[in-house]
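This report describes one protein model, shown below.

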Amino acid sequence: MTIAAPGTVQPAEPAADQPSGLPVGRPSAVWILIAGVLGLAAAIALTIEKIELLVDPEYIPTCSFNPVLSCGSVMVTQQASVLGFPNALIGIVSFTIVVVTGVLALARVELPRWYWAGLAVGALLGAAFVHWLIFESLYRIGALCPYCMVVWAVTIPLLVVVAAIALQPQQGNAVARVLHTWRWSVVALWFTGLVLLILVRFWSYWSTLV
């Protein structure tokens, strides 16, 4: 152990209990919780509908409204069970994690950056999977599942919000600052593109309703 000479100032050591988590704004925390609850509700509803369909092949799901908006047409396809079991089970597990994260964020629990980075990676994988399902629904199956569309609708902004938290602007990080500033504009453009794709793909049907 060394003894400092009189009059010298020793550099301060970082406090051992200094918080290392990332602060999350209340609007972002609220959105994460809402996205988790909506996604979890949709996944549970899809699971129940799938069970009903397995019990009774003649069962008409509650989310089957017309030839385009039809859960039943989607549930019986291979794309609905990519890993050999209903995709909705993946959603139940994933959105449960999101709900817990939203609750912690609302409670002002500052989770570490690595956690948000991991959640952002998970949301990115989920968004990639969702966009594959969107492509399959539009151009292979030719039908849209309303409950699935709820999952689509919450996964995209969830990815943007979580990524913005994980990449919170730091000094000199211009890219992260731009992403954080324009995150909702990105979401709006993203949704606009998807809505246009849906309108164009099924325009022959939508036009009959006008």
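R108 counts as exposed because its relative accessibility is 54%, and the cut-off for that class is over 50%. The model is a predicted one. R108 sits in the loop that links α3 to α4 (113-141). The phi angle of R108 is near 65°, which is a positive value in a residue other than glycine. Most residues other than glycine have a negative phi.

G91 belongs to helix α3. With a relative accessibility of 12%, G91 counts as buried, since buried means under 20%. Leaving aside residues up to four places away in sequence, G91 touches A43 and T96. Between the C-alpha atoms of G91 and I44 the distance is 8.3 Å, although 47 residues separate the two along the chain.

V178 is part of helix α6 (residues 174-181). At 47% relative accessibility V178 is classed as partly exposed, because that class lies between the 20% and 50% limits. The C-alpha atom of V178 is 9.6 Å from that of A164, and the two residues are 14 apart along the chain. A164 is also one of the α5 residues that meet α7.

| Residue | Relative accessibility | Class |
|---|---|---|
| R108 | 54% | exposed |
| V178 | 47% | partly exposed |
| G91 | 12% | buried |

The next topic is helix packing. Helix α1 (residues 26-55) and helix α3 (residues 87-106) have axes that come within 7 Å and cross at roughly 155°. An angle over 145 degrees counts as roughly antiparallel, and α1 is therefore roughly antiparallel to α3. The crossing of these two helices, α1 and α3, is left-handed. Sorted by type, the residues of the contact of α1 with α3 are 19 nonpolar, seven polar and one charged. G91, described above, is a residue of this α3 helix.

A second pair is formed by helix α5 (residues 146-166) and helix α7 (residues 183-201), whose axes come within 10 Å and cross at roughly 155°. That angle makes α5 roughly antiparallel to α7. Here α5 passes α7 in a right-handed crossing. On the α5 side the contact is made by M149, A153, I156, P157, L159, V160, V161 and A164. On the α7 side the partners are R183, W184, V186, V187, W190, F191, L194 and I198. How many nonpolar, polar and charged residues does the contact of α5 with α7 hold? It holds 15 nonpolar residues, no polar ones and one charged.

For the whole protein, the count is eight helices and zero strands. Read from the N terminus, the order of elements is α-α-α-α-α-α-α-α. Of the 210 residues in the protein, 37% are buried. The accessible surface amounts to about 12500 Å², and carbon and sulfur atoms account for 71% of that surface. Considering contacts between residues at least 6 apart in sequence, 76% join residues at least 24 apart. The touch between G91 and A43 is one of the contacts listed for this model.

Notes:
Residues are numbered from 1 along each chain as its sequence is written. This is a predicted model: local features need pLDDT of at least 70, side-chain atom pairs count only at pLDDT 80 or more; totals for chains, interfaces and linings use all residues. Side-chain values use heavy atoms; hydrogens and water are left out. Axes are lines fitted to C-alpha atoms, for helices over the stretch in contact, and angles run from 0 to 180 degrees between N-to-C directions. Helices (H or I, at least four residues) and strands (E, at least two) are DSSP runs, numbered from the N terminus. Angles under 35 degrees count as roughly parallel, over 145 as roughly antiparallel, 65 to 115 as roughly perpendicular and the rest as oblique. A crossing is left-handed if the near helix is turned anticlockwise from the far one by less than a right angle, and right-handed if clockwise. Contact means heavy atoms within 4.5 Å. Ala, Val, Leu, Ile, Met, Phe, Trp, Tyr, Cys and Pro count as nonpolar, Asp, Glu, Lys and Arg as charged, and the others, Gly among them, as polar. Buried means under 20% relative accessible area, exposed over 50%, partly exposed in between (1.4 Å probe, protein chains only). Accessible areas come from the Shrake-Rupley method with a 1.4 Å probe; for residues, only the protein chains shown count as cover.
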